[in-house]
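Have a look at the structure first, and then we can walk through the contacts together.

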Amino acid sequence: QTAVWALIQFHDAALPSFHKALRDTDGHVKREAANALLQVRDGDKVHELLKDLLPLCRDASPEVRRAAVNVLVRIVDPGDKHAIPALRVALEDRDPEIKRNAALALTNIGGEESAVALPVLLEMIKNAEPELRRQAVLGIRDIGPRAASAVNPLMTILEGDDDAKAREHAALALGGIGKPAEPAVALLVKKVQAAREAREVRVESAMALARIGAVPSA
């Protein structure tokens, strides 16, 4: 464990050693290796360790699983479809932090397969702290049309949530859902016209209308 923390002081030069550390037989070493990776600013370099991190989503230790998913949510991108099975396992974890980060990681990948994260994201919208709540709202955008069941909760946020950034993200998410977000068209028009609304919310509402497209309501 001490060696892991010593190595990370060398930053990028130390990363090849972490292939071994993340596969150590001792859970404490794996946990500390994953935690240490959070100190590396270059996400692309950490991404090279993806194949070593994914098996940790199934580790017997909740501390190891939590540390691994904390890294994964920062590094996975739309090209990492092979990470979806491991993240789906993490999505079923008993630990709320693991579940939430797994859901956000899945939305970073995006697409239809990430729709399994929607129930967790909707729960985050109801109960999470403000920053996580904003991330959850924004994450729905990347699921696309399969997130149609989120249209009503997103409309509620856009209509009158106290958090302007959450309202902005709700407009973004409605645009990401596309045509199934047709019920939100009238509200989005109302937001574009609202002179007292935050400029960012008005802009994203207009962009959402463009993404929803020429549905009958429009």
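**Core and helix packing**

Leaving aside neighbours within four places in sequence, phenylalanine 18 is in contact with Val4, Leu7, Ile8, Ala33, Ala36, Leu37 and Leu49. Please keep in mind that this is a predicted model.

**The nonpolar core**
- The largest nonpolar core has 77 residues, and those touching the most other members are Phe18, Leu37, Leu53, Leu72, Leu121, Ile140 and Leu154.
- Helix H6 (residues 62-75) gives the most to this core, contributing eight residues.
- As background, nonpolar side chains in soluble globular proteins tend to be buried together.

**Helices H7 and H8**
- Helix H7 (residues 84-91) packs against helix H8 (residues 96-109) at an angle of about 150 degrees, and their axes are 8 Å apart.
- Angles over 145 degrees count as roughly antiparallel, so H7 and H8 are roughly antiparallel to each other.
- The crossing of H7 and H8 is left-handed.
- H7 brings Ile84, Leu87, Ala90 and Leu91 to the contact, while H8 brings Ile98, Lys99, Ala102, Ala103, Ala105, Leu106 and Ile109.
- By class, the contact of H7 with H8 has 10 nonpolar residues, no polar ones and one charged residue.

**Helices H9 and H10**
- Helix H9 (residues 118-127) and helix H10 (residues 130-141) cross at roughly 140 degrees, with axes that come within 8 Å.
- The crossing of H9 and H10 is left-handed.
- Leu118, Leu121, Leu122, Met124 and Ile125 of H9 meet Leu132, Arg133, Ala136, Val137 and Ile140 of H10.
- The contact of H9 with H10 divides into nine nonpolar, no polar and one charged residue.

Note on methods. Residues are numbered from 1 along each chain as its sequence is written. This is a predicted model: local features need pLDDT of at least 70, side-chain atom pairs count only at pLDDT 80 or more; totals for chains, interfaces and linings use all residues. Side-chain values use heavy atoms; hydrogens and water are left out. Axes are lines fitted to C-alpha atoms, for helices over the stretch in contact, and angles run from 0 to 180 degrees between N-to-C directions. Helices (H or I, at least four residues) and strands (E, at least two) are DSSP runs, numbered from the N terminus. Angles under 35 degrees count as roughly parallel, over 145 as roughly antiparallel, 65 to 115 as roughly perpendicular and the rest as oblique. A crossing is left-handed if the near helix is turned anticlockwise from the far one by less than a right angle, and right-handed if clockwise. Contact means heavy atoms within 4.5 Å. Ala, Val, Leu, Ile, Met, Phe, Trp, Tyr, Cys and Pro count as nonpolar, Asp, Glu, Lys and Arg as charged, and the others, Gly among them, as polar. A nonpolar core is a set of buried Ala, Val, Leu, Ile, Met, Phe, Trp, Tyr and Cys residues joined through side-chain atoms within 4.5 Å. Buried means under 20% relative accessible area, exposed over 50%, partly exposed in between (1.4 Å probe, protein chains only).
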